[in-house]
Amino acid sequence: GKKLFRPDAGEFSDICASLNAMSQELKTVIEEHEQERKRLNEILRSIPDALLIIDNKGVVLLSSAATRNFFGDVPLMGRPFIQVLRNSEFFTLLDEVRATRTAGVSEFKLEYPSERYCVVRISPLFQSKDDLTGFVAIFHDITELKKVEQVRKDFVANASHELRTPLNTILGYAEHLNERTRDDELRGSVEAIATGAHALKMVVDDMLTNLTSGAIVPR
């Protein structure tokens, strides 16, 4: 900006010098603020997950570019987030984080604008040690992981079903032969077949037991 100092300012020279210094400091602060704003915008554009900063009343203060992939191309800034996302699980988690003042994680399905699954982490924001001012919410898309998980479950279920039928048949014939034969050598062979079939059946049962165990995304 232009300087106010003039050599012939006389008694006002000190005031002009102070104003010039203040003007330069203000210019520096504005430039630094603009640089920080540009860096923040670059970060928000590059984050693949939807990131939201929400104040203590639930109003969106800041959002990343990826939020449109989750909530559609709708305005978010300055809006109560409940107008954008009507999901009881999210707001239940938000209430828990507000009450406990510690980060929380939940997994749920979004229905609109398209069906997708996500893991959401909400962290509290503090202006001071005890002054809760808002929240950071990060939505991580796990839709593809869910699809892969479903394919795995379908495969294991189908494979288990296909294996159980012949195994039950083998066990049935083994028991029948064991009851009918009096040949010790043959009976030993039949018992070995039955033992192997039982072991395979246990493996199949374990596959079905583990089908629904564990989480897709580590907490």
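The following legends describe close-up views of a predicted model.

Local features are reported here at a pLDDT of at least 70 and side-chain atom pairs at pLDDT 80 or more, whereas totals for chains, interfaces and linings use all residues. Residues are numbered from 1 along each chain as its sequence is written, and side-chain values use heavy atoms, with hydrogens and water left out.

**Figure 1. Overview of the protein chain, with five helices and five strands.** Helices (H or I, at least four residues) and strands (E, at least two) are DSSP runs, numbered from the N terminus. Along the sequence they follow the pattern α-β-β-α-α-β-β-β-α-α. The protein chain has 219 residues, of which 28% count as buried; buried means under 20% relative accessible area, exposed over 50%, and partly exposed in between, with a 1.4 Å probe and protein chains only. Contact means heavy atoms within 4.5 Å. Among contacts with a separation of 6 or more, 44% link residues 24 or more positions apart.

**Figure 2. Helix H3 (residues 88-100) and its buried face.** The 13 residues of H3 should span 18 Å at 1.5 Å a residue, and the end C-alpha atoms are 18 Å apart, which agrees; the expected span is 1.5 Å times one less than the number of residues. Phe-90, Phe-91, Leu-93, Leu-94 and Val-97 are buried in H3. Seen down the helix axis, the buried residues fall within an arc of 155°, so they line one face of H3; the arc is that of the directions from the helix axis to the C-beta atoms. An α-helix has 3.6 residues a turn, so residues three or four places apart point the same way. Ser-88 and Ala-99 are exposed on the face turned away from the buried side of H3. The buried residues of H3 pack against strand S1 (50-55), strand S3 (104-110), S4 and strand S5 (132-141).

Figure 3. With 72% relative accessibility, Arg-86 counts as exposed. Arg-86 and Leu-110 are 24 residues apart in sequence, and their C-alpha atoms are 9.1 Å apart in space.

Figure 4. Arg-116 counts as buried because its relative accessibility is 15%. A polar contact is a pair of N or O atoms within 3.5 Å; within protein, one must be able to donate a hydrogen and the other to accept it, and residues adjacent in sequence count only if both atoms are side-chain atoms. The side chain of Arg-116 makes such a contact with the side chain of Asp-141, at 2.6 Å. A polar atom of the Arg-116 side chain also lies 3.1 Å from the backbone oxygen of Asn-69. Beyond its neighbours within four places in sequence, Arg-116 is in contact with residues including Phe-70, Phe-108 and Thr-143.

**Figure 5. Two antiparallel strand pairs, S1 with S2 and S3 with S4.** Two strands pair if DSSP finds at least two bridges between them. S1 and strand S2 (residues 60-63) pair over three bridges, and Ile-53 stands opposite Leu-62 in S2. Four residues lie between the strands in this hairpin of S1 and S2, where Gly-58 takes a positive phi near 90°. S3 and S4 pair over seven bridges and are joined by a hairpin through five residues. Gly-104 has Ile-122 in S4 as its bridge partner.

**Figure 6. The largest nonpolar core, a set of 24 residues.** A nonpolar core is a set of buried Ala, Val, Leu, Ile, Met, Phe, Trp, Tyr and Cys residues joined through side-chain atoms within 4.5 Å. Leu-52, Phe-71, Phe-81, Phe-90, Ile-122 and Phe-139 touch the most other members of the largest core. S1, H2, H3, S3, S4 and S5 each supply at least two residues of this core, and H3 gives the most, with five residues. Apart from this core lies another of seven residues, among them Leu-167, Val-190, Ala-194 and Val-204.
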